[in-house]
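I would like to walk through one structure with you, going from its helices to its surface and then to its rings and sulfurs.

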Amino acid sequence: EKDIFCSEDGWNLSLLTNFSTFNFVDFESALLKYTTENMAMVSVYIREPFAEVFLVDEDTSLMDLISSVGGLLGLCMGFSFVTVGEVCYFCCLGVLTRKKIRRLEIASPSNMILRKLKSGVH
């Protein structure tokens, strides 16, 4: 029986690329024939069977946990403990600046004059 797909010269590519005339049943039977004729069973035996057991125990500290969580947050959200420090710094700076502005407004000469005028003292 002559293979219609494969000969000694090589594969018949026109049959493999033209799907309108391609017969999958013939191809399957040719592929099955090829694999059964060219199959080899190899048995490998180890002379002295042995196994080494490695026990790995990872001890992680609190610092390792913090750095892992910080690294993941930094990677995923662009978030770090420096960012927390900056947010706290600028919040405190804003509160202190507002208090200082209020103190200056209260102590300004124009406000003192306005207060005297409102209270009726000349």
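Predicted model: local features only at pLDDT ≥ 70, side-chain atom pairs only at ≥ 80, totals over all residues.

Helix H2, which covers residues 24-37, has 14 residues and reaches 20 Å from its first C-alpha to its last, and this is close to the 20 Å expected at 1.5 Å a residue. As for cover, H2 has hardly any, since the count of buried residues among its 14 residues is 0.

How much of the chain is buried? Buried residues make up 2% of the 122 residues. The protein chain exposes about 12,000 Å², and carbon and sulfur atoms supply 65% of that area.

Let me turn to one part of that surface. A nonpolar patch of about 900 Å² is made by Leu62, Met63, Leu65, Ile66, Val69, Met77, Phe79, Phe81 and Val84. Which helix gives the most to this patch? That is H3, with 6 residues, while helix H3 (62-77) and helix H4 (81-107) each supply at least two. Among the patch residues is Met63, which lies in helix H3 and counts as exposed because its relative accessible area is 59%, against a cut-off of over 50%.

H3 itself has 16 residues and reaches 22 Å from its first C-alpha to its last, which is again a span close to what is expected at 1.5 Å a residue, namely 22 Å. Just after H3 comes Gly78, which takes a positive phi of about 70°.

Now to the aromatic rings, where a search of the whole structure finds 1 aromatic pair. The partners are Tyr89 and Phe90, with ring centres 5.0 Å apart and planes at 75°, so the pair is edge-to-face. The cut-off behind that label is an angle of over 60 degrees between the planes. Is Phe90 buried or exposed? With a relative accessible area of 54%, Phe90 is exposed.

Finally, the cysteines. A disulfide is a covalent bond between the sulfur atoms of two cysteines, and the structure holds 0 of them. Why does Cys88 form none? The closest cysteine sulfur to that of Cys88 is in Cys92, at 6.5 Å, which is too far for a bond because the cut-off is 2.5 Å. For Cys91, the closest cysteine sulfur is the one in Cys88, and at 6.7 Å that is likewise too far for a bond.

Note on methods:
Residues numbered from 1 in each chain as written. Heavy atoms only, no water. Buried < 20%, exposed > 50% of the residue type's maximum accessible area, 1.4 Å probe, protein only. Areas by Shrake-Rupley, 256 points an atom, 1.4 Å probe, with all protein chains shown as cover. Patch = residues over 30% accessible without salt bridge, like charges linked within 9 Å, V, L, I, M, F, W, Y side chains within 5 Å. Salt bridge = Lys/Arg side-chain N within 4 Å of Asp/Glu carboxyl O. Helix = DSSP H or I, 4+ residues; strand = E, 2+ residues; numbered from the N terminus. Phe/Tyr/Trp six-rings, centres within 6.5 Å; stacked < 30°, edge-to-face > 60°. Expected span 1.5 Å × (residues − 1).
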